[in-house]
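Dear colleague,

Please find the structure below, followed by a short account of what was found in it.

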Amino acid sequence: MERTWLSGRQEITNEEHNDNYTRLYPTLLSNWRINSHNTLGAKFSMGISRPDFYSLNPFRYYTTPTQYYSGNPYLKPTTTTNMELNYNTSWGLYAVLYESHAHNAATGVPVF
């Protein structure tokens, strides 16, 4: 579980930002031995990752005289949900059915 209180103020524009939340990020894992040679498993997990400083910084950071990077201070943390079913045998066969979903995911824009 995570409980977060965020409070910030941008001094130049005098903008304030507040965000408070409580979230649960569980991981559940279960395996069943069908017999001495076969195992079936299931997994569910949730996670969180936050943007780095440069992704949040709204001011221009110049990498060349004509190319710059600017972040977005309103980015939210990315939350992920993963589900997996797996089957394996003592003979080396391993099969997986996997699903992953990300919410509030952000990536950079390529520049050519």
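**Findings**

Asn104 is partly exposed, because its relative accessible area is 39% (buried means under 20%, exposed over 50%, partly exposed in between, with a 1.4 Å probe and protein chains only). This residue lies in the segment after β8 (94-103), and its phi is near 65°, a positive value in a residue other than glycine. Strands (E, at least two residues) and helices (H or I, at least four) are DSSP runs, numbered from the N terminus.

The model is predicted, so local features need pLDDT of at least 70 and side-chain atom pairs count only at pLDDT 80 or more, while totals for chains, interfaces and linings use all residues. Residues are numbered from 1 along each chain as its sequence is written, and side-chain values use heavy atoms, leaving out hydrogens and water.

Asn14 also has a positive phi, near 60°, in a residue other than glycine; Asn14 is found in the loop between β1 and β2.

Glu2, in strand β1, is buried, with a relative accessible area of 18%. The side chains of Glu2 and Arg50 are joined by a polar contact of 2.5 Å (a pair of N or O atoms within 3.5 Å; within protein, one must be able to donate a hydrogen and the other to accept it, and residues adjacent in sequence count only if both atoms are side-chain atoms). Beyond its neighbours within four places in sequence, Glu2 is in contact (heavy atoms within 4.5 Å) with Tyr21, Thr22, Arg23, Tyr25, Ile48 and Arg50.

Yours sincerely
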